[in-house]
Amino acid sequence: MSYLVLARKSRPQDFSEVIGQRTVVTTLQNSIKRGRVAHAILFSGVRGVGKTTLARIMAKAINCQGGVDNPPCNRCQSCRDINAGASLDLYEIDGASNRGIQEIRELKEKIRFLPVSGAHRVIIIDEVHMLTPEAFNALLKTLEEPPEHVYFIFATTEQQKIPITILSRCQRFELKRVTSGELRAHFTRLAEREGIAIEAAAMSLIVREAEGSVRDGLSLLDQVLSFGEETITAQDVIEVLGLVNRQVLHRLAEALLLGQTGVALAALAEIFAFGMDVKRFGADLLAYFRHLMLCKIDGCDGLLDLPEEEMTALRHLAEGHNLATIHQKLTLLMRLVEDIRHSNQPRLALECGFLAIIEAGNVEPVADLLQKLDNALAGHALPLPPVSRPVSTSVARPAPEAATLAAKPPTEPPAVPSTELSTPVPPPMSEPVPEAPATQPSLKPLPEPSLASLPAAPADFSKRWPLFIAELHHQRPWMAQLLEAAPCERRGETIFLHFKEASQGAILKRPEHERALCGYLRDFFQEELGVACLAPQEAPDLDQDETRRRRQRLIDDPLTQAVVKMFGGGISDIRLGKP
């Protein structure tokens with residue numbers, strides 16, 4: 001007699017032997033006990049989870065004559081005939097082979113007759129989604145009002161392809177993937193029954209490859225049992241099934257995270273030397289990084305159905321890296337796996353992709369960067385070291401634009417009152433500047449007076465301003481850099497800072513920064529001075545004519561025209577530096 005594979009030898013014969021699917025099994029048993037069996041039942045789910053098996057058990061239970069509390073009994077004549085495939089009251093049809101309207105018409109003719117030996121006729125249509133639309137339409141009326149002695153049981157892996165008119169007339173049961181624990185216990189029992197021992201690591205590999213399918217797992221187990229001796233190791237399973245060694249996969253993932261280029265390329269060479277399929281290798285590597293990502297997310301450990309030793313290794317590797325880094329590398333790997341599917345040189349594509357992933361470096365979360373920026377901007381609240389005078393005068397001269405603005409005479413009589421602060425004056429620069437408490441009143445916004453309406457600045461202001469910036473560099477480097485980039489002029493008791501962009505002056509306009517700057521000005525100039533930050537549109541008296549003339553001279557320059565003509569292009573933007 002020919003060998004009977006495990007998938008057929010171990011097929012469940014009653015509800016108690018079904019692996020998993022406890023909810024579905026309980027519902028079916030109760031419907032039989034209470035006489036509430038629907039005339040049309042649909043089992044859906046992925047391959048190998050027990051759809052056809054449950055359909056056959058249900059057919060036996062409907063016609064069981066054993067009188068037991070939980071049919072089927074597998075001892076009565078009806079059960080024995082169905083187990084032997086000789087029952088005249090059970091029609092099992094393959095929807096892929098009998099999908100036309102003619103086959104459905106013949107089926108409708110057969111079910112008109114009463115059952116031969118049992119109480120009911122049971123029609124099982126496997127892969128029912130393969131029927132043509134015409135066949136579904138022919139079955140529709142019979143399915144809605146079948147004869148009292150007929151039951152329909154359908155099985156499908158693609159429920160979405162079945163017309164809604166058929167689905168609405170069926171009682172639907174969605175079968176889930178079988179958990180790793182149930183598969184491991186079931187496969188271990190079968191291996192012991194065959195007299196072969198399997199290491200725990202080897203069984204974990206078989207369970208992982210089964211992916212929740214009992215039939216797929218039994219096929220793999222059958223293949224491994226044929227290869228191994230009395231004891232099957234994890235290396236035996238890797239060689240027989242052509243899997244990627246988990247240790248090599250762990251070493252490769254660690255190298256990509258730590259930036260170890262040599263280790264990553266060596267692991268890739270080892271995998272290719274083994275003859276691993278590139279598509280399978282990419283899927284395994286993506287799954288490994290997905291597991292690492294889930295290890296970093298609180299509450300997601302339940303999504304990983306893995307052996308405990310593998311979970312320990314994943315947690316240990318994930319501890320040294322943040323979630324953003326792992327997510328970034330997983331995203332790059334997904335693009336790489338998609339690219340190698342269309343590449344003529346998959347190994348070269350993988351090597352270049354690994355280099356790009358390693359060079360990407362660690363990613364720092366945006367929230368952390370923003371926090372560091374806030375801390376840097378809030379540095380004015382820290383105590384300042386005392387500054388000794390006099391300050392060295394070996395400082396660069398002011399920029400021409402700043403000198404020009406400082407010497408520009410007013411054109412209108414003064415009409416704006418002086419600006420005063422509503423908060424206490426900051427201490428001198430030689431003392432620490434305490435941070436203002438939350439209850440302290442904020443600085444009143446400075447008015448936007450016309451520059452020409454204020455009295456002229458003191459004659460020595462333009463000479464002392466660079467010295468002030470040089471001293472400020474020791475206290476507030478970022479503030480000094482902003483002041484260096486902004487031409488300034490003094491009108492009365494107010495210093496006007498002209499910024500090229502409004503965003504540059506936005507930081508200085510914050511009350512705490514403006515208060516600190518006024519304190520530094522008072523300490524250096526020994527006067528009460530205010531500050532006004534102006535954007536280009538807020539400074540109408542800047543010399544725009546000269547800027548336009550400079551731009552036009554650059555456009556009309558023969559060299560510029562020659563370059564434009566040579567490349568057949570055009571001038572899109574002109575940026576001017578300091579004259």
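**Close-up views of a predicted model**

**View 1. A nonpolar surface patch that includes F567.** With a relative accessibility of 66%, F567 counts as exposed, a class that requires over 50% relative accessible area, whereas buried means under 20% and partly exposed lies in between (1.4 Å probe, protein chains only). The model is predicted, so local features need pLDDT of at least 70 and side-chain atom pairs count only at pLDDT 80 or more, while totals for chains, interfaces and linings use all residues. Residues are numbered from 1 along each chain as its sequence is written, and side-chain values use heavy atoms, with hydrogens and water left out. F567 lies in helix α25 (residues 558-567); helices (H or I, at least four residues) and strands (E, at least two) are DSSP runs numbered from the N terminus. Together with L559, V563 and M566, F567 forms a nonpolar patch on the surface with about 500 Å² of accessible area, as given by the Shrake-Rupley method with a 1.4 Å probe, where for residues only the protein chains shown count as cover. Patches consist of residues with over 30% relative accessible area and no salt bridge, like charges being joined within 9 Å and nonpolar side chains (Val, Leu, Ile, Met, Phe, Trp, Tyr) within 5 Å.

**View 2. Helix α9 and the residue E211 just after it.** Because eight of the eleven residues of helix α9 (residues 200-210) are buried, this helix is largely enclosed by the rest of the structure. Among the buried residues are M203, L205, I206, V207 and E209. Just after α9, E211 takes a positive phi of about 55°, and E211 counts as partly exposed at 47% relative accessibility.

**View 3. The salt bridge between R47 and E211.** The two side chains meet at 3.9 Å, N to O, a salt bridge being a side-chain nitrogen of Lys or Arg within 4 Å of a carboxyl oxygen of Asp or Glu. The pair links distant parts of the chain, 164 residues apart, with R47 in the loop between β1 (40-44) and α3 (51-63) and E211 in the loop between α9 and α10 (214-227). R47 is partly exposed, with a relative accessible area of 40%.

**View 4. A salt-bridge network of R208, E209, R280 and D284.** Being four residues apart in helix α14 (residues 278-296), D284 and R280 are separated by about one helical turn. D284 is buried, with a relative accessible area of 8%, whereas R280 counts as partly exposed at 25% relative accessibility.
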